[in-house]
Amino acid sequence: MCQNDIELAGRPGILHYTQNEFKGDQQFWSVCEDNDGILYFGNNDGTLIFDGEEWHKVKLPNNSSIRSLASDSAGNVYAGGFNEFGLIKKDITGKYYYQSLFDTLKFSDNKIENLWDVHIVDNTIVYRSFIKLIAISGKKATQLPATSHFINSYVVNGNYFVQDIATGIYKLDLKTMQFEQYFTKQDLLGEEIISILPTDNTDSQLGISKTGKIFEINIAEKQCKLIEQLFSNEDANQVECAINVNKDIYIGTLSTGIIRIDQNGHILDNEGSLPQLQDQSVLNLYKTQQGNVWALLNNGLDCITSNSPITSIFQNASLFDVFIKDQAMYLATNQGVFYSDNFRNRIPKFKKVVGTEGQTWSIREYKGDILAGHDKGLYKIDKLNSKKIGSTSGIWKVIPVRENSDIFLAANYSGLFVVTKRNGEWVYLNEIQGFEESTRDILEADEDGTFWVCHGFKGVFRIKIDTNYERVTSVEHFTTQNGLISPYSINVAKWEDQIIFTTDNGIYTYNKTNNQFEPHAKLNSILDPTENTRTIMQHGDKTWFIQDDEAGYFLTNNHEEYEKGYFLQFKGEFNRGMECIAPLNSQQVMLGTKMGLYLFDLTYKERVAPAQTIITGAQYMSATESEHLPLDGETITLPNNTNSIRFDFAVPDMQNDVDIQYSYQLENMDEEWSTWQSDSYKEYSHLRPGTYTFKVRSRSLVGTQGEETSISFKLLPLWYQTKWAVILYFLVAFLITIAVIKIVKARIIKEREKAREEEQKAKKLLELELEQLKLKAEKDKIKRDKVLLEEDVILKSKELANYTMMLVKKKEIFSEIQGDIKELRGQVKTEGSRKKLQNMYSKLNKHLIGEEYMQVFESNFEKVHHDFFNKLKAEYPQLTQRELRVCAFIKMNLTNKEISPLLNISVRGVETARYRIRKKMNLEHEHNFTEFLEGLTEKSKR
C-alpha cells in the first residue's frame, strides 16, 4: 500500500463550542487552567468553568466581565474584572463561587476600572489596568500608577514586564516595586507589543506587535530589531494574541483567524494546516497542559487538538486504498482517485485525477505504472491524468502472476481477465473462461496457476488455470463442508508466509493432505474466534487487523502487546470487506474510513500524561428535599428518608480528547464494573441501609486511561431497622413464640374434641350419603324408563303416521276402482257383465273405510298424543268430533288433499272445515294453524 519509513503530518482536529453548550455570552477574553485540568474562561457573563463534561458559571458581585484569569501552583484561580478582583473557589460540595480580595487586603480603591491582565510571578499576583498595576504579595497590595497607560504586560524568563503606551517597556522589580526601562517607544517603532515569546535561542525572544510587526528582542542586551511584517499596508487586520505551540507560533488576528509562523517570523503555509474556526476574530489563545490550543473568539470557543494522536489527512470521501510513491500520494475513494504531489512533513493537498470520477476500489504500481481498479474499468494514472485501459468495466484490482512476470490478472465483477504491458501500453489479452464469479478477494496459492477466491456469500473457490492462462481447468467449491462452519464473510490473506482464511468463527488454514480447513491455533489464541476478523496484514513488527468493525494491532513476535482501544473512535466506520490500513512506519499508520483518511501517532501512549477521574458533585434526594453532599473524602452519612443519590464525574485531563467514556461500580451492590458509556453521571434509587463506596474510572477513544476515584457514603436505617429495633423484635418474637406454644396446645385439645364431633358427623353424613345414593339410583331408573317411553312414543308416532298414510292411499284406491267400475258398467252391453260389475261394486262398498277405521286412528292418536284431544276439548269445547279429527290430521302435517278422502269430503270441504275451526278458535288469518297446534301440545306438556 505504501512505502516504509515515511514521516507524515496531519491536520489537527477541532472542537467547536457554541452558546448552546456553554450557556453564556459568546465573547471571551481570558482563560487559565487549574491543577486538575479544569478550564476557567473570562466572559462578559463572568467566569465560565469547564470540567470536560459540564459548564459552570460564576458571576462577579457587580456583574462585570471577567477580563483576566491566572492560576498559581497551589491551584488558586485569580480573576479580575471592572473595579473587582479576587479568587474563583470551589466549596466542599463541588460548587464554584467567587471570593473578593478587597476585604482581605482592606482594598478600598473603586476606580481601577477593567483589570486586563493578571500574572503570577514569584508568589506575587500582578493585576494590570490601563491606569495602574496592583501587586499583591501575601496580604499586602501595592498600587503602581502608569505614566500614561499600561497597554500590555508579559512574563519573560521569570520577570514581569509592562508596556506604557507613551514611554516603552519596563521591567518591574517585585521586591523593590521599582520600574526599570528596557525599551523606549522609539526602540519599538511606536508599536504596541502584544506578546513577547521565547525561542530556541535563549538569548532572544520574538516580540509581536498589534500591527503585525515581528521584532527580535534581546532582553539581556536591551536590543530590539524589526525582522518581519505580517500584514501589508492596505491590510486592516491586527494581532490580538500570540502563543508558542511546539516549535511554531500561533498568532490570533482580528479578522483572519490564526496565522502560523516559525521562530524566525516567517509565515508558514497556512492553507489547510489548521482547521477552520467558527469565527475569524481571535481574542486570545491558550495552550493547555495537555498540549491542545483553545481559541477564544469574539463569537464562541474552539479547541484545536494539536496534541491529539489522530490527525486528518483527507476528508469528505470514503477511502478504499492508499498508495505512496516518492513524494506523491494516491487515494482510491468512492468519488474517484485523488492525488497529492508533496506530503512529507506537511499536510497533503489533494486534487481529483481527471476522468476517474466514481467508485475506485484499488490502486497499485506495476511495471512502473500506477493502475487503479475502478467501477468503470482499469485506469492508468499519471499524476492528475488518467487513461482507461480497454473497454472492460468493473475491475476490483490487478494482481501479479508468480510464474510469469509479464502476466497480470484483472479481478472482475464476474471473472478474471489477463492484462499485460506491451510497447509501453497496457492491454487486455483475453478473458479466462470457465469461472464467472466475482473475484474481489483473490490470492495466489502455493502452487503455480492455482488461486483462492473468496466470495462474500458463496464461500471459497479454489481454481486452477491452464498454463496459457486462457481457461480454468478445475474449480473446487467449499461452503459448509470441509471444516468451514459458514460460507459467509470469508476472506483470504497471508500471514507469516502462510495462507489464512478469516471467518465469523475464527481464522483457518487449509490442510491439503486431508482436504480440510482447520483452525489456526496461534491466531485464534490472539484474536477472539467468536468475533469476525475480516482483515489481517503484516507490516514490520506489527500485525494489523480489523475485527468486529474495530481496528487493532499486535506485535507479531510478542502478541502480548495487543491494542484495540486506541482506534475505538472509528469503530463501525470502515468499508466492510475492503478496509484500508496503511502503515507508514513503526509509529505511524493511516486508516481509511467512510469519512476520510486519518493518521494515527502510536507514540502518543508513551507521552500522554496520566489522567485523573474526579467526582464533581454528589446529591441526595428525598420526598421533601435535595441537598449537595461534601466531597472532602470523608464517609458521607445520608438520612434514612433518602430516595435516590446522584454522582456527577468528569476527567478534565481528557477534556480535549474525543468520546470520553466511564465505567463505575457501587461496592456492596454491584458485583462487576458497568460497561463503558458516555453518560457523566450515575443515579441510584431505593438503596438498602448500609455502607457503600462508589467508584468510577474513565477512558478516551484515543487510548488515554483515567485513574479510578471513589467516594463512600452510609445510608442510615429507619427506626425499625436499627440495633435496638432488632433486640425489640427478638423479645417480641420470643414472647410470641411462648404464646403460640400455649395457643397450639389449647388448640390441640380443642381439635381432638372437634375430631370426635366430626367423626360423629361423618357417620351421619355417611348414612345420608347412602340414602342419597338410593334416591339417585331410583332417579336414574325413572330417567331410563322415561327415555324408553319417549322412544316408544316416537315409534308409535311413526306407526300412526304410516297407518294414516295407508288409510289415505287405500281410500284413494277404492275411489279410483269405484270410478273405473262405474265407467265400465256404462260401456258393457250384456246383462251378465253388468250384474258382475254390480256385484264387484257392492263388495267394494262393503269394505269402504268407515267409522271403525277412524275410531282406530283416534285411539292410536290419543296414545301417542294423549293430551292433545283433552287440551282441545278443554279450551275449545265447541269443536265437534269431526273437527277434532281435522285438527289431528293438521297436526300430523297432512295436506288438504290427503285429509279429504279420510273424511269422505272434498278438498273444498276440508278448507271450509279449517276455516270454521279457526273461527271457533278466534285465530287470525296470518297465524299458522299447524304451528298453533304444535304450540298447544308443547304448552300441554309444560
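Which loop holds Lys367? Lys367 sits in the loop that runs between strand 33 (360–366) and strand 34. The views below start elsewhere and come back to this residue.

This is a predicted model, in which local features need pLDDT of at least 70, side-chain atom pairs count only at pLDDT 80 or more, and totals for chains, interfaces and linings use all residues. Residues are numbered from 1 along each chain as its sequence is written, and side-chain values use heavy atoms, with hydrogens and water left out.

**View 1**
The 4 strands follow the order 29-30-31-32, and their pairing is antiparallel. Strands here are DSSP runs of E with at least two residues, helices are runs of H or I with at least four, and both are numbered from the N terminus. Two strands count as paired if DSSP finds at least two bridges between them. Strand 29 (319–325) and strand 32 (351–352) are the edge strands, each pairing on one side only. In general, strands of a sheet pair through backbone hydrogen bonds, either parallel or antiparallel.

**View 2**
Strand 29 and strand 30 (residues 328–333) run antiparallel and are joined by 6 bridges. Leu319 stands opposite Thr333 of strand 30. Ile324 has Met329 as its bridge partner in strand 30. The hairpin has 2 residues between the strands, and Asp326 takes a positive phi near 55 degrees there. Strand 29 is largely enclosed by the rest of the structure, because 6 of its 7 residues are buried. Buried means under 20% relative accessible area, exposed means over 50%, and partly exposed lies in between (1.4 Å probe, protein chains only).

**View 1. His374 and its surroundings.**
His374 belongs to strand 34 (residues 369–374). His374 counts as buried, because its relative accessibility is 1%. A polar atom of the His374 side chain lies 2.9 Å from the backbone oxygen of Thr356. Leaving aside neighbours within four places in sequence, His374 is in contact (heavy atoms within 4.5 Å) with residues including Glu357, Trp361, Tyr379 and Ile395. Thr356 is also one of these contacts.

**View 2. Asp406 meets Lys367.**
Asp406 lies in strand 38 (residues 404–412). At 42% relative accessibility, Asp406 is partly exposed. Not counting residues up to four places away in sequence, Asp406 touches Lys367, Val419 and Thr420. The side chains of Asp406 and Lys367 make a polar contact at 3.1 Å. A polar contact is a pair of N or O atoms within 3.5 Å; within protein, one must be able to donate a hydrogen and the other to accept it, and residues adjacent in sequence count only if both atoms are side-chain atoms. The C-alpha atoms of Asp406 and Lys210 are separated by 65 Å, with the two residues 196 apart along the chain.

Lys367 is not a glycine, yet its phi is positive, at about 55 degrees. Its relative accessible area of 40% makes Lys367 partly exposed. Asp548 is not a glycine either and has a positive phi of about 50 degrees. Asp548 lies in the loop between strand 50 (542–547) and strand 51 (550–555). Asp548 counts as partly exposed, at 36% relative accessibility. Most residues other than glycine have a negative phi.

Helix 11 (residues 907–920) has 14 residues and should span 20 Å at 1.5 Å a residue; its end C-alpha atoms are 20 Å apart, which agrees. The expected span is 1.5 Å times one less than the number of residues. Val910, Ala913, Ile917 and Arg918 are the buried residues of helix 11. Seen down the axis, these buried residues fall within an arc of 135 degrees, so they line one face of the helix. The arc is that of the directions from the helix axis to the C-beta atoms. On the face turned away from the buried side are the exposed residues Arg908, Tyr915, Arg916 and Lys919. Just after helix 11, Asn922 has a positive phi of about 60 degrees.

**View 3. Cys454 and Cys580.**
A search of the whole structure finds 0 disulfides (pairs of cysteine sulfur atoms within 2.5 Å). Cys454 is in no disulfide; its nearest cysteine sulfur, that of Cys580, is 20 Å away. Cys454 is buried, with a relative accessible area of 3%. Cys580 is also buried, at 0% relative accessibility.
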